[in-house]
Amino acid sequence: MFVGTRRFYKILYFLTAMSPAYFLFLLQVKGKYADILNKKLWCVSYNSIMDFIIVSIPLVAFILGFLLKKLLIYQYKQGTNEQVTENEEQFKFENIQQKNGNVISFLLGNIFPSVIIIENNIIICAIFFIVLQFLIFKVVMNSTDIFPNVILILYRVDIIQTNLGKYSFVFYEKSKNDTFKVYQIGKPFISKLYITKYKTRD
């Protein structure tokens, strides 16, 4: 889905999409390794550091999601990429094949990685989780399936798949100039990812 797009799009999308997994994983670690986390690093306990990170994850995720939304809207409104002039009808609402992925993708991408805890070894647990994130990143970036992004959904940005196999970010806005337009994101003739605007979400 992200083939031919810039690296910062891939990283921002992945981090925001996986933020629920990071939050749930750290909650699991905090409960499982409570004895280890009670030890102190200088004057601060590891447990306090963990609490700070857990609280920070949603905040950082929403900041990154807001940044990604603004970048997408900027590219659409400024027309910084190539505008689609052929077969743009495929991006209209009635031609949507899939929207925001499916429950199975969300469960496998967010819930499954967050509940894998290696017994009695927090270092191995952390290494395993990081390796797993790298593998999921590779799969998501080279997959033809839509990987759900809860943060963008909350920001009223959806990602759709057309009946011709193209993908598009969609934001919603009513304006005086409501001419339907679609812009490509990434390298022409390579990327299958686009950005467009609908008047309403329903």
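Visitor: How many cavities of 30 Å³ or more does a search of the whole structure find?
Guide: The search finds 1, a cavity being a set of points on a 1 Å grid over the protein atoms alone where a 1.4 Å probe fits but cannot get out. This is a predicted model, in which local features need pLDDT of at least 70, side-chain atom pairs count only at pLDDT 80 or more, and totals for chains, interfaces and linings use all residues. Residues are numbered from 1 along each chain as its sequence is written, and side-chain values use heavy atoms, with hydrogens and water left out.

Visitor: And what lines the largest cavity?
Guide: Its lining, meaning residues with an atom within 4 Å of a point, consists of Tyr13, Asn100, Pro148, Asn149, Leu152, Ile153, Val157, Asp158 and Ile159. The strand β4 gives the largest share, 3 residues.

Visitor: Switching topic, which residues touch the most other members of the largest nonpolar core?
Guide: Among its 41 residues, those are Tyr13, Leu72, Phe169 and Ile195; such a core is a set of buried Ala, Val, Leu, Ile, Met, Phe, Trp, Tyr and Cys residues joined through side-chain atoms within 4.5 Å, where buried means under 20% relative accessible area with a 1.4 Å probe, protein chains only. The largest share of this core, 11 residues, comes from α1.

Visitor: What is Leu72 in contact with, beyond its sequence neighbours?
Guide: Leaving aside neighbours within four places in sequence, Leu72 is in contact (heavy atoms within 4.5 Å) with Tyr9, Val157, Phe169, Ile185 and Ile195. Another core of 9 residues lies apart from the largest one, and includes Phe91, Ile160, Val170 and Tyr198.

Terms used: Buried means under 20% relative accessible area, exposed over 50%, partly exposed in between (1.4 Å probe, protein chains only). Helices (H or I, at least four residues) and strands (E, at least two) are DSSP runs, numbered from the N terminus. On a 1 Å grid over the protein atoms alone, a cavity is a set of points where a 1.4 Å probe fits but cannot get out, and a pocket is an open set with protein on both sides within 12 Å along at least five of seven lines; lining residues have an atom within 4 Å of a point. Grid points are joined across faces, edges and corners, and a volume is the space filled by probe spheres set on the points.
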